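Morning, everyone. Please look at the picture first.

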Amino acid sequence: MKQPTLEDVRKASERIYQYVRQTPLVPAERLAELSGAKAVACKLEMLQPTGSFKVRGAANSIMALSDEQRARGIITFSTGNHGLAVSYIAGKMGVLARVCLSKRVPAYRSEAIRALGGTPEIWGESQDEAEARYHDLMRRDGQIPIVPFDDPRVIAGQGTIGLELTEQSADADTILVPLSGGGLLAGIAMAVKSLRPEARIVSISIKRSPVMLRSLQAGCPVELPEQDTLADSLLGGVGQDNRYTMPLVERFVDEHVVVGENDLKEGMYYAFRELGVVAEGAAAAPLGAILSGKVDVRNRSVVTIVTGCNVEVSRYLSVISEKEREHETR
Ligand SMILES: *Cc1c(COP(=O)(O)O)cnc(C)c1O
């Protein structure tokens, strides 16, 4: 397949709204005041079904399949937001979706997949063994893989966020996007820059796992050891045979910013306090980058993507109460 274009994003936007929402863009006035930006607005993607933007790419990929392909069923191995999104869309469309998980994945995760309409395929002791099972089943039964980021249809699906935000904001000139595998950033950047070439695209990576950044610096996909982070949705590599997102991210990003765990916490607390929304760690990364001054947004009209809200309740509450205490005593 070729690299996706604005035309592919437009095609995606003709397809996906049967299952996907057009999300609101809400002003973050306090953040604009604090940072000296002309305006800051947040695109609330955590309002999507299953609590993340990943339904856009999943819907575009699954809806583009032929009847014959859908009859064979689809397969993936993500335990996180991508697995939930694929399960949801497949459930709505009546397509059999196998989600390969290891025995170590907590039961509530496989239950969530089943409740949405996916079929957990539990196999092996590690995520690597679950992935091996995915490849075996694909070869044996000919199921169609639905991948989380390195795919033109996924990128075009995520790109519909870019189309929406240019319609919602006539003057947005700086877009802050969390970066992991790069499907989200590649889609948004390609769509926004096709329509508004002067717009500036800023990637936000996490210090504990800046895999795309290191890969771009090395000129090829690299692997980094996994560390625990609040932004668990940003973990995982870029894929050893990355074909689409690395070149697109390289071409379109104007500035790369890296944030630490405390920045994520500040972002989550801001989202709770000032926006009244739940942001998971990954989704709070751009807010944290602005609050800490790691990105200069003075006099800019900024849009940030609040990408998801799937965070363990106990972890979320401990972040909010820790920050509440800190801010009270300041
Ligand atoms: C997947 C995900 C991201 C990163 O998207 P990529 O396309 O992998 O770069 C960011 N935030 C959330 C909540 C996600 O689920």
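**The ligand and a pocket**

Around the ligand there are 15 residues, and Lys54, Asn81, Gly182, Leu184 and Thr307 come nearest; a residue counts as near if one of its heavy atoms lies within 4 Å. This is a predicted model, in which local features need pLDDT of at least 70 and side-chain atom pairs pLDDT 80 or more, while totals for chains, interfaces and linings use all residues. Residues are numbered from 1 along each chain, and side-chain values use heavy atoms, without hydrogens and water.

By class, this shell has five nonpolar, eight polar and two charged residues. Here Ala, Val, Leu, Ile, Met, Phe, Trp, Tyr, Cys and Pro are nonpolar, Asp, Glu, Lys and Arg are charged, and the others, Gly among them, are polar.

Which atoms does the ligand meet? An oxygen atom of the ligand is 2.9 Å from a polar backbone atom of Leu184. A backbone N or O atom of Ser180 also lies 2.9 Å from a ligand oxygen. For Thr307, a polar side-chain atom lies 2.8 Å from a nitrogen atom of the ligand. Taken alone, the ligand exposes 390 Å², and the protein buries 97% of that (Shrake-Rupley method, 1.4 Å probe).

Now the second largest pocket. On a 1 Å grid over the protein atoms alone, a pocket is an open set of points with protein on both sides within 12 Å along at least five of seven lines, and lining residues have an atom within 4 Å of a point. Of its 17 lining residues, those closest to the centre are Arg30, Leu34, Tyr270, Leu291 and His327. The lining divides into eight nonpolar, three polar and six charged residues.

Technical notes
Polar contact = N/O pair within 3.5 Å; in protein donor to acceptor, adjacent residues only side chain to side chain. 1 Å grid on protein atoms, 1.4 Å probe; cavity = no way out; pocket = protein on both sides within 12 Å on 5 of 7 lines; lining within 4 Å.
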